[in-house]
Amino acid sequence: MSTLELRAIEKSFDQTHVIHGVDLQVAHGEFVVFVGPSGCGKSTLLRMIAGLDSPTRGDLLIDGERVNDVGAADRGCAMVFQSYALYPHMSVYANMAFGLENAKVPQAEIAQKVQDAAALLRLDAMLQRKPTQLSGGQRQRVAIGRAIVRNPKIFLFDEPLSNLDAELRVSMRAELRELHQRLGATMVYVTHDQVEAMTMADKIVVLRAGRIEQVGTPQALYEKPANVFVAGFIGSPRMNFIPAATARTAASLQAAVPAGAQQVGIRPEHFQVCEAGQGLALRVLGTEYLGAQRLLQGQLVDGTRVEWLIDGERSPQVGETLHITTRTDRLHAFDHNEQRLAQVNP
């Protein structure tokens, strides 16, 4: 069992506090993704788990054992960085074997571990190539293979796909998920890309300014964001936010906006057409054709800008006025502190 626990973890650099009392439990075999904007502390947390940085306060436990004073090499973690960090003069085989050779592992065992990892990552035919003869995705697989041969307790990934082009990132996301399913290993993955988080994670940890805003499954964060920050960060395109007073002018939404609500959130994919007087009047400002869908930009009477995902075959004209609403169970309400409120009629 490879479990991870963070208890009241804090980190300061001189007088600058960057991590503020983080508590987190990662179960054996979970794929956990840290996500948040730049500077939120996700990579700092990962480095502390790896042993590359030390927490200022708090405890780090792996398999129930405190590891604050255990060196990086002895924690049983393997880290895959944004940079592939491959030795250009070495073959794929040599790159994957290098760490084991330094640890004085017998050559026969090294050969078996490298062959097994290469087969898992579909690198069998490339073991004698140099990194310059590989594509970006293949180089990243070599970096992952270098981690696999160590048979770590926990895999740590620090934005490993950010150097790849968009198409390759999509395919590598799928490959990493398949790898996780085959290995059944505990994995912690850092990214600023919420789409990566949504498509890969068993559990997402949303961070802001060194604090955890919410922890949950992708579906839980999408359907019930704890606050405005999470609501706006999870989901693509991002959620629309509308003043509660404006939402209450729509007859179809009045009962769904609870007392104390300052603003409501509606995702672009959850708007629907309604009769005049029942919903919100939306003046079309422009559209973006996406193929199966079209992203419509519009403006409400109070000046609020919103986006609406519609069927790609529809083509509203700029300047046209449409009337829109949403199902009451699709509406998210937030108070003056930007915290989620329960709906009156969900």
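Me: How are helices and strands assigned here?
Reply: Helices (H or I, at least four residues) and strands (E, at least two) are DSSP runs, numbered from the N terminus. This is a predicted model, where local features need pLDDT of at least 70 and side-chain atom pairs count only at pLDDT 80 or more, while totals for chains, interfaces and linings use all residues. Residues are numbered from 1 along each chain as its sequence is written, and side-chain values use heavy atoms, leaving out hydrogens and water.

Me: OK. Where does Asp158 lie?
Reply: Asp158 is part of strand β7, which covers residues 154-158.

Me: Is Asp158 buried or exposed?
Reply: Asp158 is buried. Buried means under 20% relative accessible area, exposed over 50%, and partly exposed in between (1.4 Å probe, protein chains only).

Me: Which side chain does Asp158 have a polar contact with, then?
Reply: Ser43; the polar contact between the two side chains is 3.0 Å. A polar contact is a pair of N or O atoms within 3.5 Å; within protein, one must be able to donate a hydrogen and the other to accept it, and residues adjacent in sequence count only if both atoms are side-chain atoms.

Me: Which residues is Asp158 in contact with, leaving aside neighbours within four places in sequence?
Reply: Ser43, Leu46, Met79, Val80, Phe81, Gln82 and Val190. Contact means heavy atoms within 4.5 Å.

Me: Switching to helix α1: how many of its residues are buried?
Reply: Seven of the nine residues in α1 (residues 42-50) are buried, so the helix is mostly covered by the under 20% cut-off. Among them are Lys42, Leu45, Leu46 and Ile49.

Me: What comes just after α1?
Reply: Gly51, with a positive phi of about 95°.

Me: How many disulfides does the structure hold?
Reply: Zero, counting a disulfide as a pair of cysteine sulfur atoms within 2.5 Å. For Cys40, the nearest cysteine sulfur is that of Cys77, 20 Å away. Cys40 counts as buried at 2% relative accessibility, and Cys77 counts as buried at 5%.

Me: And how many aromatic pairs?
Reply: Seven. Rings of Phe, Tyr and Trp (its six-membered ring) pair if their centres lie within 6.5 Å; planes under 30 degrees apart count as stacked, over 60 as edge-to-face and the rest as tilted. One of the pairs is Phe155 with Phe157, stacked at 6.3 Å centre to centre and 15° between the planes. Another is Phe271 with Trp308, edge-to-face at 6.5 Å and 75°.

Me: Which parts does the Phe271 and Trp308 pair tie together?
Reply: Phe271 lies in the loop between β12 (263-266) and β13 (272-273) and Trp308 in strand β16 (residues 305-311), so the pair ties together parts 37 residues apart in sequence.

Me: Which residues form the aromatic cluster?
Reply: Phe31, Phe155, Phe157 and Tyr189.

Me: Last one: how many helices and strands are in the chain?
Reply: Nine helices and 19 strands. Of the 346 residues in the chain, 51% are buried.

Definitions and conventions:
Lys, Arg positive; Asp, Glu negative; His and termini not counted. Salt bridge = Lys/Arg side-chain N within 4 Å of Asp/Glu carboxyl O.
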